[in-house]
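Please look at the sequence and the 3D view before reading on.

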Amino acid sequence: MTSSEPDRSASRRTLLRRAAVTGGAAVAATAVTAANATPAAAATGDPVVLGGTTTGTLHTSVTSAAEGGAATLALQNTTGATLQLTRRTPTYGWGGGLISTADGLGVQQVVNSAVVQHETLTTANATMLVPIPPTRVLDSRSAAGRARLLEGANRVDSQGRVLPDTLLVVHLRDIVDYGDGLMGNVTVANTARGGFATVWGRGELPTASTINWWGAGQLLSNGVISQLGAYETDAGEYYEDVVAIWVAVGATAVILDVTGLLVFHPDSAVINNVKAVSGDRLAADSGTSGVRAQVIKEAAERGDREVRTGA
Amino acid sequence: MTRASQQDHDHDPKRRRLLRRAATAAATTAGAGVAAAVGLPGTAQAAPGDNLIMGTTNDAGPTTTTVNATNGNGTLVLGNTAGAPLRLVPGDSLYPQVFDSELGTLAVDNQGDLFVKAGVDNVDNATVGWAWTSEWATTSVAVAPTRVLDTRDPNLRRAIVSGAGDLDSSGRLVPGKPIVLSLDSYVRDGYALKGNVTVAGMTGGGVLTVWGSGTKPATSTVNWWTSGQVLSNFLFTELGAVGAYRSVLTLQATASPTHVILDMTSLLVGHPSQVLVSRA
């Protein structure tokens, strides 16, 4: 969004007239809910009424030279939110403007005499990458390496190779809570003949391949980035974070190592988390972190998260 | 003895976060203290229906003060020649009631995060989230492809801060002998690296594992099955800390010696200013 350069003189014209700003001064106001607002209207030039509604045709400016980094305006609320920006698409923009948007919070700045608005990234509209210690979540060559398999464990031959046309579903419990994706490394070993495998996390099996090989006895790796999905077993147990691997053609041992997670908040990465701020896993926290974690989990569950294996 | 050989693995995850928090606190403590005092001057108390008085505390009780404008450059313009123009005093009991607030609600919680209520003009479709901050968010910064290691070339082994003496006579990694690379000249307290790792000159089948620091994980980064191959793989791995080095990688070969080439293309950091090299 662009508009013309802000008119600084307009700001000066509309300074509050009834009170001089003194050094070291700041204003603190307390508010609770919009539903309780007293409908006391005022016109431009009138004082701002506490607990009332003041409507003017121009903006209201408050300036100060508050020392020591103190704020010009401090808002406090002992039981709720401190500030609400009315949701309305602005016609104009101004440097420093904060705008409530459908996705969150817009921040405006002046660039080459035009106002540009950028969207703030939040835990509701963006995901971030969090590294984790390299972690092996699947190795079809051993029983321990197959411990995370929800599907496909009975489709492994005596050499630890996954049979052709087999679907594997691997859960990531205790590694991530409601993650959006993973990064890592997929390896095929002891291949029987040429073939390929596909790694994916959500929805139907895609027309894509993650790793390809062309002969017997090969040992090859490839980097992988995949969505994470959810899966419910035949026994009714629900796993909120899984990744699927389809071995299309050619039996092969399959190994999957995870080195990073895409999450809405670092608290979702629960394995030796570099970035966790709550100090506890997302699912078991309490207090401020707990309610925040619940919101993040609910947001992650929106939409179709299921990985479908019936294709 | 190199600094890397101290191997304290202090380490980094929690320590980095504490260091960052400490730095933030040091930078703001003075201002915050004054702001708290000034924020509640206590020189005059106002009640609902009274006029808002500048430079004093105005208590509206259980009511909301609403300011509307039909024109002008913003409903409320705040300026400060010496400090922050707006302060949202962190609330101790925001949740869960703030989840029911109107669209456009902002609040700072007691963990220092900015709560944002958003949506498309309908509370039923509202979303709540917290604005990313460099306290806990990460960002990937692409950099010009940079060869940080090529064991075939002595000049490109200079980033090795531990284990250089364990390379064989041609510079290859020896199975079971890790080397540690410092990336401190590229990034300050980086979280992770993306790039491409290549193996060459192996004498038989083997495995290369790349990780940050500490105990070698039971994982692999590149695998090969015979001698004479040249293979590459994409790499994403966390960075570790060893001794005074704050952004290190550890590499170890298994079963076969091999040359290793590591090209860096991106760094994962809390803020782009941590990247010390030119960006792509």
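In chain B, strand β6 (residues 114-118) and β7(B) run antiparallel and are joined by 4 bridges. Strands here are DSSP runs (E, at least two residues; helices are H or I, at least four), numbered from the N terminus. Two strands are said to pair if DSSP finds at least two bridges between them.

Strand β5 (residues 83-84) of chain A pairs with strand β5 (residues 105-108) of chain B in the antiparallel sense, over 2 bridges. Within this pairing, Q84(A) faces T105(B) of β5(B). The open sheet has 4 strands in the order β5(A)-β5(B)-β6(B)-β7(B), with antiparallel pairing. Since β5 of chain A and β7 (127-130) of chain B each have a single partner strand, they stand at the edges, so one side of each is left without a neighbour in the sheet.

## Basis of the model

The model is predicted: local features need pLDDT of at least 70 and side-chain atom pairs count only at pLDDT 80 or more, while totals for chains, interfaces and linings use all residues. Residues are numbered from 1 along each chain as its sequence is written, and chains are lettered from A and ligands numbered from 1 in the order in which they are written.

## Contact between the chains

The contact takes 111 residues from chain A and 103 residues from chain B; two residues are in contact if their C-beta atoms, placed from the backbone, lie within 7 Å. On the side of chain A that touches chain B, strand β9 (residues 128-139) of chain A gives the largest share, 9 residues.

## A covered strand in chain A

Strand β12 (residues 181-189) of chain A is mostly covered, with 8 of its 9 residues buried. A residue is buried if 20 or more other C-beta atoms, placed from the backbone, lie within 10 Å of its own, exposed if 12 or fewer, and partly exposed in between.

β12(A) runs antiparallel to strand β15 (residues 219-227) of chain A, and 9 bridges join them; G181(A) has Q227(A) as its bridge partner in β15(A). β12(A) also pairs in the antiparallel sense with strand β18 (residues 253-263) of chain A, over 9 bridges. There, N185(A) stands opposite D257(A).

## A loop residue

P47(A) lies in the loop between β1 (27-30) and β2 (53-56) of chain A. P47(A) counts as partly exposed because 16 C-beta neighbours lie inside 10 Å.
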